[in-house]
Amino acid sequence: IASAMLALPKDVHLLVVGDGPEKSELEARAKREGWGDRLTITGYVPIAEVPSLMRAMDCFVLGSRTTSTWTDTFPLVVAQAMATGIPVIGSSSGAIPYQLGQEGLVFDEGDSISLSKHIVTLYNNQELRNHIGKKLRERALQKFCVEGINHSFLKFLESI
């Protein structure tokens, strides 16, 4: 995600929710590359406060990368972001493409050029941002919330 910042309009900001061992390196990189004033890292945030931070975003990005010992099998944060009604851009890691379905935007793991193109597309088209956000919210409620899962299970039982 940091690599994409260089190709984005100068009024695009990166909000990183949470904390971790890469924080100092990310801050140093942003400063070195000239976008340090466009980076905010929240540090630890209680789970109850995360949805309000998500709703403050124009889009949500999860740039997971598969390693030899790990893949993002079903990142709950993607379903949570979808449920807030914002557009979501996710990498091709693990189940992220399944979670986003046809409604979300997917880029190949580590492909900062494709990621920046998705962000610029959303940046330039509020109607598209709203449309994708609405469709992803519908998908989240239908596929990943208890009521939607129960409805799907009932339909399955009725079919047999």
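Visitor: At what angle do α7 and helix α8 (residues 146-159) pack?

Guide: Welcome! In this predicted model, α7 and α8 pack at an angle of about 60 degrees, and their axes are 5 Å apart.

Visitor: Why are α7 and α8 called oblique to each other?

Guide: Roughly parallel needs an angle under 35 degrees, roughly perpendicular needs 65 to 115, and roughly antiparallel needs over 145. The angle here is about 60 degrees, so the pair counts as oblique. Where they meet, Leu 141, Gln 142 and Lys 143 come from α7, and Gly 148, Ile 149 and Ser 152 from α8. This contact divides into 2 nonpolar, 3 polar and 1 charged residues.

Visitor: What makes α6 and α7 roughly perpendicular or roughly parallel to each other?

Guide: The axes of α6 (residues 112-123) and α7 (residues 126-143) cross at roughly 105 degrees and come within 6 Å. That angle lies in the range of 65 to 115, so the two helices are roughly perpendicular. Thr 121, Leu 122 and Tyr 123 of α6 make the contact with Gln 126, Leu 128, Arg 129 and Ile 132 of α7. By class, that is 4 nonpolar, 2 polar and 1 charged residues.

Visitor: How do you know whether Tyr 123 is buried, exposed or partly exposed?

Guide: Buried means under 20% relative accessible area and exposed means over 50%. Tyr 123 has 35%, so Tyr 123 counts as partly exposed. Leaving out residues up to four places away in sequence, Tyr 123 touches Pro 9, Asp 11, Val 12 and Arg 129. Tyr 123 also lies 9.3 Å from Leu 8, C-alpha to C-alpha, although 115 residues separate them in sequence.

Visitor: What makes β3 and β5 edge strands of the sheet?

Guide: The open sheet has 3 strands in the order β3-β4-β5, with parallel pairing. β3 (60-62) and β5 (105-107) each have a single partner strand, so one side of each has no neighbour in the sheet. On average, neighbouring strands are turned by 20 degrees against each other, ignoring direction.

Visitor: How do you know that β3 and β4 are paired?

Guide: Pairing takes at least two bridges, and 3 bridges join β3 to β4 (residues 88-91). Across this pair, Phe 60 stands opposite Val 88, and Val 61 stands opposite Ile 89.

Visitor: Which way do the residues of β4 point?

Guide: Val 88 and Gly 90 point one way, Ile 89 and Ser 91 the other, and all are buried. In a regular strand, side chains alternate between the two faces of the sheet.

Visitor: How does α4 run relative to β3?

Guide: α4 lies across β3 and β4 and runs at about 165 degrees to β3. The buried residues of α4 are Val 78, Ala 79, Ala 81, Met 82 and Thr 84. They pack against α3 (50-55), β3, β4, α5 (96-100) and α7.

Visitor: Which residues have the most contacts inside the largest nonpolar core?

Guide: They are Trp 35, Phe 60, Met 82, Val 88 and Ile 89, in a core of 37 residues. Helix α4 (residues 76-84) gives the most to this core, with 4 residues. Beyond its neighbours within four places in sequence, Met 82 is in contact with several residues, including Val 88, Leu 100, Leu 136 and Phe 144. In soluble globular proteins, nonpolar side chains tend to be buried together.

Technical notes: Residues are numbered from 1 along each chain as its sequence is written. This is a predicted model: local features need pLDDT of at least 70, side-chain atom pairs count only at pLDDT 80 or more; totals for chains, interfaces and linings use all residues. Side-chain values use heavy atoms; hydrogens and water are left out. Axes are lines fitted to C-alpha atoms, for helices over the stretch in contact, and angles run from 0 to 180 degrees between N-to-C directions. Contact means heavy atoms within 4.5 Å. Ala, Val, Leu, Ile, Met, Phe, Trp, Tyr, Cys and Pro count as nonpolar, Asp, Glu, Lys and Arg as charged, and the others, Gly among them, as polar. A nonpolar core is a set of buried Ala, Val, Leu, Ile, Met, Phe, Trp, Tyr and Cys residues joined through side-chain atoms within 4.5 Å. Buried means under 20% relative accessible area, exposed over 50%, partly exposed in between (1.4 Å probe, protein chains only).
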